[in-house]
Structures are given as structure tokens and as C-alpha cells.
Amino acid sequence: MVVMKMKFPFQKRVQLAKGLWLLSLSATVAGALTFSLGCILKTELLRRAEVMDNSNIHVVPNTLMIVGLASLGINYFASKICQDALDAGQFPRWKNFLKPYFAISSFFTVLMLLAVIMSFAMTGSLEFSLKVGLRNGIRFYKDTDTPGRCFQKQNIDYLQMAFECCGNNDFRDWFEVQWISNRYLDFNSKEVKDRIKSNVDGRYLVDGVPFSCCNPTSPRPCIQYQLTNNTAHYNYDYQTEELNIYLRGCREALVNYYMGLMNTIGTAVLSVFLLQGSVLVSLRFLQTSMEAVAGQENTEIETEGYLLEKGVKETVMEFVDPLMKFLLFTNKVEEAGAILV
Amino acid sequence: MAVGKLTFTKAEREKLAEVLWLLNWISVLTGAILISLGVFLKVEIQKWQEVMSDQGILYVPNTLITTGLAACCINFLGGKICLDCADTNKFLRWKLVMMPYVICTFFFTSCVLAGALMCYSIRSQLEESIFLGLRNTMRFYKDTDTPGRCYLKKTLDLLQIQFECCGNTGYRDWFHVQWISNRYLDMTSSIVVDRLRSNVEGRYLMDGVPFSCCSTLSPRPCIQQQISNSSAHFNYNQQSQQLNLWRRGCRQALMDHYTGIMQSIGLTVLLIWLFELLVLTGVRYLQTAMENVIRLGDPDSESDGWILENSLAETARSNFNIIKNLGKCYQIDDDPNINVPTASAEQEVPSRGVHIPVTS
């Protein structure tokens with residue numbers, strides 16, 4: 001059962017070869033673009049690595065970079081093959097090369113599609129990683145004297161100012177954490193002692209936020225401390241005050257930023273995938289139509305080209321069988337070895 | 001005595017024309033670079049225009065943009081001319097245009113040099129403008145309800161955050177302005193009333209700074225109020241004070257930023273000027289060589305090319321005379337057909353007595 005049979009007169013073969021050469025050139029550029037997009041995404045993720053708990057999300061840019069490099073190789077060979085295709089003398093030397101070539105190319109093309117799907121599907125993993133990372137960042141904000149954590153304050157401050165956000169879910173996260181270090185608290189003061197005693201864990205909690213939560217667009221000077229106490233500040237109502245500090249949480253801000261980035265990259269890589277797929281399909285048609293010409297005296301006859309000689313399932317089995325045999329063989333060798341021992 | 005005289009064979013003339021054609025196209029590209037540098041500088045200045053008092057600084061990027069446009073046009077024309085110059089017949093088409101073209105290119109090249117020098121000379125004007133602009137912005141920081149000034153607070157906060165600076169010369173500038181609006185001061189409170197009364201002009205001054213002055217490098221939470229009072233804060237030692245706020249003044253920060261940009265732009269424009277000068281010299285040689293070939297009559301012969309036909313002094317004198325004579329266009333001196341009364345004609349011609357012989 002042949003898949004997608006098409007007739008190819010000589011002129012059509014020539015046009016196919018020329019068109020394929022142009023396509024493979026643009027696909028090479030697209031492959032380089034994919035690689036650079038992967039690098040950009042990886043750099044952006046590494047920039048905020050301190051507020052991410054795990055690096056699972058890095059599989060997306062890593063895959064993009066691998067696929068980009070692979071497509072450079074694939075398209076280089078595609079252009080070489082189509083240049084030789086019209087020369088009936090040169091074409092046969094590619095005969096043995098083409099079967100593994102198509103297998104590897106299809107694998108990497110499918111991998112490209114997987115990368116796009118992953119970039120949309122890994123939102124949940126990214127969000128969880130940010131949730132844990134930000135929670136730790138806020139907890140260790142005060143530990144500027146502890147090695148390994150001394151830059152958390154600086155990082156969180158930069159993050160909140162750059163992304164115009166405050167806290168993890170929102171600014172109330174700062175009320176639950178002691179973000180003022182004991183080094184700067186006067187333990188002789190009555191106010192400090194009262195506050196620490198009123199807390200179960202002996203922490204100094206305030207209804208205040210760091211300065212990096214302040215919104216520059218506010219018409220009044222920033223109110224950082226006693227945020228929930230309306231009487232502490234003149235003409236202030238904490239329920240209706242929207243411009244004083246950033247109301248958005250940093251997790252939401254970062255997730256939106258990275259999702260926007262990955263959506264743009266995903267769309268671009270999807271079009272690269274379609275381009276790469278068309279290169280492979282055209283090359284397959286060219287190969288099969290040229291193979292029918294081999295051995296004929298008149299090279300300008302009309303031939304048939306097809307995608308797959310047998311059906312899809314049979315072709316897949318054809319590729320998988322040697323792989324399975326190889327794995328089973330190694331298995332048998334191990335078993336035999338175990339028995340002998 | 002010609003200045004810079006060189007002899008050109010036919011092959012050399014053709015080679016020169018080809019090279020100049022290529023150089024002219026490269027000059028079109030450098031013209032585009034000039035335009036983009038001008039646009040970049042304009043955008044950078046307009047970003048922080050609200051903290052500058054003098055809008056006249058924009059003449060520098062505007063000059064660069066206009067010069068870049070002129071470069072593109074002139075060098076595009078130059079490319080066409082040089083392509084035709086290789087052949088004597090085609091050169092005759094351009095013969096009359098060549099001299100004005102060379103003069104125009106000379107003036108335009110000086111404009112490029114002027115543009116480059118402007119980038120370096122504008123420094124003091126810029127500093128003055130930033131100083132006055134920042135002073136006004138700090139004064140109007142609290143006026144977020146006054147139309148025309150409502151975004152100055154946001155601009156200054158963003159400036160201080162981005163450039164990591166505080167105040168005009170330093171953070172103490174904030175102690176001399178009232179940056180908290182009366183709308184947010186409780187006039188019934190005794191503290192507020194005392195403070196207002198203690199100031200001559202009735203302004204609410206305090207030793208505090210806005211939040212945007214806070215340094216992110218400080219190990220402790222930011223201290224914004226009562227900065228000069230060490231006893232108001234626990235463990236507020238010298239080191240805490242140093243790291244607490246940004247130490248640099250915003251005037252210095254902006255000057256550093258713009259000086260860096262303008263020095264790089266100035267250097268690039270100087271290099272472009274040198275390149276244009278090279279192209280101009282080449283075109284002048286080609287023009288004079290082609291004119292001499294036509295004068296000699298034989299298109300295949302060698303000809304001389306020069307920068308100036310006579311020495312610099314003589315050329316200057318002859319040009320000066322031309323300019324002087326331009327003003328005399330209504331006085332006709334040399335036409336021999338007109339009877340100009342001279343001093344000798346005023347002498348009376350003595351009338352000779354005519355004796356008429358009387359015959360009877």
C-alpha cells in the first residue's frame with residue numbers, strides 16, 4: 001500500500017530539485033534561528049535562576065538548541081543531495097545514506113514539534129518552581145550576612161522593581177515573614193519586645209513591605225509601614241489605595257513574562273517545523289522519483305514518486321525491528337553471561 | 001603651481017572611476033549610519049527631556065540626521081557621476097554639474113566635521129541644562145495634582161532607580177525642598193505645625209528622601225527618614241550610612257551617561273568625515289583629470305589631475321575677486337562699443353575759423 005503516489009515528468013523533477021535547494025537554504029537559516037531562540041530563552045531563564053527552585057523548564061531551551069544544530073546538518077545534506085539529484089551519474093552514491101538520513105531527520109523534526117508542545121505544557125512546572133523559589137527568596141531576604149544567601153535581598157529588590165510586583169502571591173506575603181534582620185532591631189525597645197512576644201515563633205512581623213514594592217506612579221510619597229492601619233497615615237484608606245505599592249504578585253508577573261516569551265518562540269519554531277517538514281517530504285519525493293530513473297537509458301522519462309513504499313505501520317516496524325533485535329541481543333548476552341557466572 | 005598634481009593614464013582614470021563608484025556607495029551606507037546615530041541620540045535625549053531645562057540641545061541630533069540625509073543624496077549622485085566618468089563621452093553630460101557638485105560635497109563634508117565637533121562641545125550646555133532641570137523637577141516633585149507637572153514624580157523616581165542616583169549633587173538636596181505635598185500632611189498634628197512654623201517660608205522640610213533613593217546594595221532595610229540622626233536608628237553606623245542610599249548625584253549620573261554616548265558618536269562621525277574627505281579628494285582628481293583629457297583632445301592620452309589649479313593663495317584671491325565682481329554686475333567696464341566719457345573729452349576742441357574766400 002503505497003502512500004501518496006505522484007507522477008513526476010522530467011520538467012517537474014527539475015523544478016522540484018531547484019525548489020528544494022531554495023527551501024533547504026531557507027530551512028538552514030530557520031535552523032540557525034531556532035538555535036538562537038533557544039539560546040535567548042536559556043539566557044532569560046538563567047537570569048532569574050535564583051528565584052527558581054528547579055531547572056526542569058530548561059529542557060525546552062536545551063531541546064531547541066539541539067534541534068537547531070541538527071537541522072543545520074540535515075539541511076546541509078538536503079541541499080547537497082538535491083544538487084546531485086538531477087545528475088544521474090552522481091545520484092547513486094547517496095543510495096545507502098538516505099535511509100538512516102530520513103530516520104534521523106524525522107526524529108529531529110518530531111523533536112522540534114515536541115519542544116513546542118513542551119513549551120506550552122510546562123507552565124505548571126514553571127509556576128511551581130517559581131512559587132517555591134520566591135517563597136525561599138522572601139524568607140531569606142533578611143539573611144544578608146549568611147554565606148550563600150547574602151544576595152537574596154538584592155535579587156528580590158531588583159526583581160520587584162523590574163517586574164513591578166510585590167511578594168509571592170501579593171504584598172501580604174511580606175506580612176508573614178520576618179524581613180528585618182535581628183541585627184537591626186533594638187531589643188531594649190519596648191515596642192520590639194512586645195511584637196516579638198506576641199508572635200508564637202518569636203519572629204518580628206510587621207504589616208510593612210520593603211521599599212522595592214513602592215510604585216513610582218503613586219501621586220503620594222510611598223507608604224511602606226503600617227499598611228493596614230488607616231489612622232497611621234493622613235488621608236489614607238488601605239482598602240481603596242491602589243497606586244501606593246504594586247498589587248501584583250511576582251509569581252504571576254514572572255509566569256506571564258515567561259509564557260509570553262515561550263509563546264512567541266513556540267509560534268516561530270512551529271513555522272520552522274512546517275518548513276523543515278516540507279523539505280523532508282520534497283526530498284523524499286525527489287529521491288523516489290530519481291530512483292526509478294536509475295538504470296534507464298533515457299533519463300528524461302516520467303517516473304512515479306511516493307512517500308512510503310509500504311504502509312505507515314509496516315515502515316515503522318521496519319525501523320523498529322533492527323533496534324529491538326539489537327536490544328534483545330544485548331539482553332540475551334547479559335543473561336548468558338549471568339548463567340555462566 | 002598646481003596643488004597636489006598627479007598624472008593619470010587612461011587605465012588609471014578608469015580604475016579611479018570604478019573605485020570611486022564603490023566608495024560612493026559605501027558612503028551612502030555611512031550616511032545611513034549617520035542618520036541612525038542621530039535618531040538614537042535624539043531618542044536618548046527625549047527619554048529624559050523632562051529633567052532637562054533647555055530643549056535646544058536637540059540641534060545636535062537634528063544636525064546629524066540632516067547631514068546623514070545629505071550624505072545619502074550627494075553620494076548617490078556621486079556614484080552615478082563616477083560611473084559615467086570612466087568614459088569621456090559620458091563625462092561631457094556631467095561636465096557642467098561637476099564643479100558645483102564638488103563644491104557642495106566640500107561644504108557638506110565640513111558640516112560632517114562640524115557635527116562631530118558639536119558632540120564634544122555641547123558638554124557644558126548639557127550640564128547646565130541638567131542642573132537646572134533637575135532642580136525644577138525636585139521642586140515640582142510633590143505637585144502630582146498640577147497639570148503639566150503630574151508626571152514629574154514618576155519620571156524622577158524612575159530616573160533615580162534606573163541610574164542609581166539621588167538628588168542633584170547628592171541626597172542632601174532633598175533636605176532643601178518640600179517633596180511631600182500638603183494634601184498628605186495632617187495640619188492638625190502638632191509635629192507638622194511645628195515644622196512648618198520653624199521654616200521661614202512655611203515649607204515642610206525634613207531630613208528624609210523618597211524611596212527611589214534607596215540603594216539595593218544595602219544589607220539592611222532602607223532608612224528613608226531622619227537620615228542625619230544616627231540615634232534614631234539602631235546600629236546605624238558609618239558603613240550602614242554609606243550603603244543605605246545611592247551616593248551619586250543624578251546630574252553626575254546623567255552627564256556620565258550622555259558623555260559616553262556622545263563621545264562614541266563623535267568618534268564614529270569623525271571617522272565618517274575622514275572617509276568622506278577621501279572620497280571628495282578622489283572625485284576632485286577625477287574631475288580635473290577628465291577635464292584635462294577633454295582639453296587635450298585625445299581621450300587615450302595621459303592627463304594631469306590636481307586638487308587646486310594654482311596655489312592656495314592665488315585660488316583664494318581669484319575666488320575673492322569673483323565674489324567681489326558678483327556685486328558689480330550693473331557696471332559695464334570692458335565693452336568697447338560704448339562711448340564712455342573720459343576726462344580728455346572734456347577739453348574743448350578749438351573751433352577753427354573758416355575763411356570763406358569772397359569772390360566778386
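Which residues do ring pairs link into a cluster?

**View 1. An aromatic cluster in chain A.** In this predicted model, ring pairs (rings of Phe, Tyr and Trp, the last by its six-membered ring, with centres within 6.5 Å) join Tyr76(A), Phe77(A), Trp94(A), Phe97(A), Tyr101(A) and Phe102(A) into a cluster. Over all chains, the structure holds 23 aromatic pairs.

**View 2. Aromatic pairs around Trp179(B).** Tyr141(B) and Trp179(B) pair edge-to-face, at 6.3 Å centre to centre and 75° between the planes (planes over 60 degrees apart count as edge-to-face, under 30 as stacked and the rest as tilted). Tyr141(B) lies in the loop between helix 4 (123-139) and helix 5 (152-163) of chain B, and Trp179(B) in the loop between helix 5 and helix 6 (190-198), so the pair ties together parts 38 residues apart in sequence (helices are DSSP runs of H or I, at least four residues, numbered from the N terminus). Tyr141(B) is buried at 2% relative accessible area, and Trp179(B) is buried at 5% (buried means under 20%, with a 1.4 Å probe and protein chains only). Trp174(B), also buried, forms an edge-to-face pair with Trp179(B), at 6.2 Å and 75°.

**View 3. The interface of chain B and chain A.** Here 26 residues of chain B are in contact (heavy atoms within 4.5 Å) with 26 residues of chain A.

**Notes.** Residues are numbered from 1 along each chain as its sequence is written, and chains are lettered from A and ligands numbered from 1 in the order in which they are written. Local features need pLDDT of at least 70 and side-chain atom pairs 80 or more, while totals for chains, interfaces and linings use all residues; side-chain values use heavy atoms, leaving out hydrogens and water.

Definitions and conventions:
Helices (H or I, at least four residues) and strands (E, at least two) are DSSP runs, numbered from the N terminus. Buried means under 20% relative accessible area, exposed over 50%, partly exposed in between (1.4 Å probe, protein chains only).
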